Amino acid sequence: MEKMSRVTTALGSNAISGRTMFCHLDAPANAISVCRDATQVVVAGRNIFKIYALEEEQFVEKLNLRVGRKPSLNFSCADVMWHQMEENLLATAATNGAVVTWNLGKPSRNKQDQLFTEHKRTVNKVCFHPTEVYMLLSGSQDGFMKCFDLRKKESVSTFSGQSESVRDVQFSMKDYFTFAASFENGNVQLWDIRRPDRYERMFTAHTGPVFCCDWHPDDRGWLATGGRDKMVKVWDMTTNRAKEIYCVQTIASVARVKWRPERKFHLATCSMMVDHNIYVWDIRRPFIPFATFEEHKDVTTGIVWRHQHDPHFLLSGSKDSTLYQHMFKDATRPVDKANPEGLCFGLFGDLAFAAKESLISSDANRKPYPGGDRRYPIFFFKKPDPTEQFAHVSSALSVFETDLDSNRMDWFVKTAQLYLLSGKPFAELCDHNAKVARELKRPQVSTTWTMLRIMFSDPANLTAPGPNHNLSKLGTLPLMNSFSMKEMGSGLGTESRLERSKGESRQDNIHLEPGNLHISNNNEENEETEGSEGQAEYMFGDAELDDDDLYSMEHDNPTEEQEYTLPQEAFQLRHEIMDNPSAPEHLQQDKADSPHVSGNEAEVTCLTPIESFSLISISQPLFCPHLPASFFCPIVREMLSYYAEQGDVQMAVSVLIVLGDRIRKEIDDLTQEHWYMSYIDLLQRFELWNVSNEVIKLSTCSAITCLNQASTTLHINCSNCKRPMSNKGWICDRCHQCASVCAVCHHVVKGLFVWCQGCSHGGHLEHIMNWLKSSTHCPAGCGHLCEYT
């Protein structure tokens, strides 16, 4: 048992102290009740009937009222009530229809006092009069209520609600002669105990059974009711007609409702099923509980405040066979975890935003709220007890409307009709779908299709060598993206550069190391070309030239060679170029011996552009520059999930179909099935039946492919003899006539056949449509007024 802080409450000369505690019971409890001085509690159920003392640290069992070798059904209790005027008097409602009173002052072990067996079915509720010692009221499943005088052996009055079973009866706290009864048909009746022949007032309180009711202890006219419709309603009974003044919406059927002592607007509820918690509500704020007790592990069956003037202790029994004392200070406060702002989209795209008024009070044109200006929290004026009431803060709601035209779904329909999902190569499908999306002003979707084509298409082959130059025989060299060369235009001779230098000789020397750039070309015809005024340049990227960024070429006729040195930086000032420099002898000798360059040798190249070629050809790379398709699968999977989460299941399903086995294994079958079902549902809502069927056929999910296989059997009756057609042909076995004859052209219909469900005559679709344009009568002459829709 978890130890909590103690609290002491002064109640006149008495004092209640304790903590949150519990004890295990022998069996599930159906109801509990507490004595007047709040020192003992009685627990009753089908197999338990005990009294426990409430001490500071724990529950202590004081008395077991189930005595005898063979306990009868009189001990099987559906409800129990401890008299608030006589401390030794108890009453129980038995499941066999008996009402039993118990006298704790008896010296014998068996404390049973009186036994009333007038009800025919289970008694659901018993209630003592709050001020009259000997008056007891009961309500039964048989639809009758009975008033007992404990000094007599029989009931003194019987009240018939003329309705279904009675679920609860409660004497009014302020009106001596009045009691309320709730029924399973949703009605609540008010009775005067002096007039058993007819109720004084009846009204429909809930849609469904009313399981409980409770009179307010301080306000004479307030009656709280709870029902299966998950609502708690507060009624003002002082008017001529019952008036609903508050309504609390809970999350499950309400089994018990009890007003909280000393707190006018607080009441506690528990559920009949599903929900195990106990809630305390402030009826002025009905959408979120004021406090919650979450200790029980099964349905709570009984709740009672420990003392009629103490709001800090709540007792509860449950089907989990536990008895709890809850200290209000230890309750959970759901409002502390609630979101202070709200945001929601409407059906047509309208946006609603709600927040505390103090956060958005800058709008000077805002209308004042009824009840005064609450732009400032109320604790600036009076500091309330935060544990006993909600903060009174007003909220403002802003609604932003959108243009209806902006939310039209024309793009969805057109996309579904124009998309190609199969029948062409993958690249063409992607290009077509990208074009469709681009024309519909959906650039992101269009770009996605383009990227998919790039990712999953087969790598393009490298271009073949251009004219007047050959592939290098040096083997494969790396192809990197560090730099790129400009296309070398034809007709650019060396003399143009020499003329620009006005005869000045410039030379750049570089000692070629292994792995540097090697370019060779034909240098036989190195003459000036008329009209060539431009010059060729070598264009490098922003990055520096690395040792591995290599391209190689070979001379066709390497008789004359020139050596130049490339600078280390991408862009350098122009240096002098010598007119006819000669290559070193050892390089010429190596070149003459072998066309291949060893690891320690470098091939000499002429960097002067020539007239005979316009394109540099690159050797095949050492490694494939294209990443495998499987490399992109994770990012494509995330992309599909993004589109699905955004609501665009059309894109998710379309990509899933087009990519096929490339991506299908990356997504689990349940997710695929969810996407398919959502997209098919949208297509059918827009009556795109052909597209829907195509998606179903292209799907690989077994749960999807069977969708168009259901309800495909068509039972046909002969239009002549009206009997079922047993064979698969056009001739009826019984009347031996052709059944599917067009009523207009009198030929056999072998294609689309349309018929009237009223007279069974029909024919070719086009013929019937044309006929009904000019006449409403059946073309077969039967006189029926056919209608084509």
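**Aromatic pairs in a predicted model**

The structure holds 25 aromatic pairs. This is a predicted model, where local features need pLDDT of at least 70, side-chain atom pairs count only at pLDDT 80 or more, and totals for chains, interfaces and linings use all residues. Residues are numbered from 1 along each chain as its sequence is written, and side-chain values use heavy atoms, with hydrogens and water left out.

Me: What kind of aromatic pair do Trp305 and Phe328 form?
Reply: Rings of Phe, Tyr and Trp (its six-membered ring) pair if their centres lie within 6.5 Å; planes under 30 degrees apart count as stacked, over 60 as edge-to-face and the rest as tilted. Here the centres are 6.5 Å apart with 35 degrees between the planes, so the pair is tilted.

Me: How many residues apart in sequence are the parts that Trp305 and Phe328 tie together?
Reply: Trp305 sits in strand β28 (residues 300-307); strands are DSSP runs of E, at least two residues, and helices are runs of H or I, at least four, numbered from the N terminus. Phe328 is in the loop between β30 (322-327) and β31 (342-345), so the separation is 23 residues.

Me: Is Phe456 buried or exposed?
Reply: Buried means under 20% relative accessible area, exposed over 50%, partly exposed in between (1.4 Å probe, protein chains only). Phe456 has 6%, so it's buried.

Me: Which ring has the charged end of Arg260 over it?
Reply: A charge sits over a ring if NZ of Lys or CZ of Arg is within 6 Å of the ring centre and within 35 degrees of the ring normal. For Arg260 the distance to the centre is 3.6 Å, and the ring is that of Phe328.
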